[in-house]
Amino acid sequence: MSTIIVTGGAGFIGGNFVHYHLREHPEDRVVCIDKLTYAGNLSTLAPVMDNPNFRFVKLDICDREGVFALFEEEKPDAVINFAAESHVDRSIENPEIFLKTNIIGTATMMDACRAFGNIRYHQVSTDEVYGDLPLDRPDLFFTETTPIHTSSPYSSSKAGADLLVMAYHRTYDLPVTISRCSNNYGPYHFPEKLIPLMIANCLNDKPLPVYGEGKNVRDWLYVEDHCKAIDLIVRKGTIGEVYNVGGHNEMANIDIVKLIIKELGKDESLITYVTDRKGHDLRYAIDPTKIHNELGWLPETKFADGIKKTIKWYLDNRSWWEEIISGEYQNYYDKMYGNR
Ligand code: NAD
Ligand code: TYD
């Protein structure tokens with residue numbers, strides 16, 4: 001039996017990964033550490049809380065003493081670092097916490113890996129470290145050799161973390177890998193992000209705030225396909241390598257919003273164009289050739305099916321997101337969208 005430490009497991013992708021891992025590898029023990037920031041929800045982990053192979057520990061990945069004590073106790077075989085401040089709009093308002101969690105937190109986790117026997121470390125990163133691509137060059141894609149060229153405090157903090165991960169490999173021989181994935185969607189996605197925000201607002205007949213003209217393009221991947229890719233990289237990936245993960249599923253924001261409106265039987269008059277995001281990245285598009293050729297990974301969920309499944313999940317799990325949008329989130333929403 002292996003013990004895997006998963007950080008940020010009360011969040012969107014980490015939570016889906018915990019469920020995936022316990023289901024696919026029942027022989028492993030999963031220890032989730034999460035600070036439970038505004039983005040962390042214990043209700044996401046409720047279905048596995050009683051699983052004897054699962055343990056939840058409320059802990060900040062920047063808390064060196066706490067992290068080292070946990071490593072001493074658990075003696076993990078691998079660490080997968082999902083924990084991060086993840087929302088671009090929040091990073092524009094207040095970059096500092098992004099630098100702390102995303103950079104110092106990553107270094108703290110890797111220092112613990114070094115201190116306890118050079119433990120296998122995987123960094124969950126993002127395609128946003130490559131910056132953006134022009135809208136009029138559909139032939140261009142991000143590969144693993146595309147230069148790092150960030151736009152937002154969020155992407156810069158993730159890029160800083162990636163550079164540190166590669167430095168720990170080169171300097172200390174830490175056995176690391178990095179995955180850089182495109183935008184995910186699926187269950188347990190916090191409703192401040194495009195797809196769950198539009199679903200929740202649609203269901204509540206609230207305006208759908210589209211930034212700028214809605215022409216920005218993202219490359220959407222169903223979250224479970226991302227979980228599979230990470231699992232493959234951790235087990236079979238080449239140490240010291242970066243793997244891009246993406247589904248060749250590019251869509252303009254406005255088309256996603258219209259699709260959600262249609263699926264929910266609402267009216268396009270709900271669409272409200274609002275002031276654009278500062279420094280808004282135009283287009284992300286991943287070339288996933290490397291992970292396909294080396295590890296045989298391919299996305300399995302088509303967007304048309306994934307978005308239906310996702311919408312159904314939000315309809316079937318209203319209490320999960322209604323609880324979120326009724327709390328502190330409302331202050332955030334009023335501040336972000338009030339005068340936009
Ligand atoms: P999320 O915001 O939904 O979840 C982040 C989780 O990390 C939360 O549970 C939060 O409580 C926890 N956390 C935050 N700061 C912490 C700290 N200091 N110590 C411990 N826990 C802390 O984020 P997500 O969308 O699930 O993203 C997970 C990872 O995947 C991030 O590293 C993100 O950069 C990356 N990523 C996300 C996407 C996407 O589309 N969402 C795409 C590519 C990569
Ligand atoms: P988001 O889900 O924040 O992900 P990211 O910025 O990391 O790609 O946003 C996805 C796209 O949707 C991005 O181009 C910004 C846009 N967007 C809106 O138009 N309206 C919104 O209310 C939000 C949250 C995002």
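**Exercise 1. Find which polar atoms hold an oxygen of ligand 2 within a polar contact** (a pair of N or O atoms within 3.5 Å; within protein, one must be able to donate a hydrogen and the other to accept it, and residues adjacent in sequence count only if both atoms are side-chain atoms).

Solution. 
1. Start at asparagine 253: a polar atom of its side chain is 2.8 Å from an oxygen atom of ligand 2.
2. Go to glutamate 128, where a side-chain N or O atom is 2.6 Å from an oxygen atom of the ligand.
3. Leucine 194 uses its backbone: a polar atom there lies 2.9 Å from a ligand 2 oxygen.

This is a predicted model; local features need pLDDT of at least 70, side-chain atom pairs pLDDT 80 or more, while totals for chains, interfaces and linings use all residues. Residues are numbered from 1 along each chain as its sequence is written, chains are lettered from A and ligands numbered from 1 in written order, and side-chain values use heavy atoms, without hydrogens or water.

**Exercise 2. Sort the shell around ligand 2 by class**.

Solution. 
1. Count nine nonpolar residues (Ala, Val, Leu, Ile, Met, Phe, Trp, Tyr, Cys, Pro).

**Exercise 3. Why is cysteine 227 in no disulfide** (a pair of cysteine sulfur atoms within 2.5 Å)**?**

Solution. 
1. The structure has zero disulfides.
2. The closest cysteine sulfur to that of cysteine 227 belongs to cysteine 181, 9.4 Å away, so it is too far for a bond.
3. Cysteine 227 is also buried, at 0% relative accessibility (buried means under 20% relative accessible area, 1.4 Å probe, protein chains only).

Note on methods:
Disulfide = S-S within 2.5 Å. Buried < 20%, exposed > 50% of the residue type's maximum accessible area, 1.4 Å probe, protein only.
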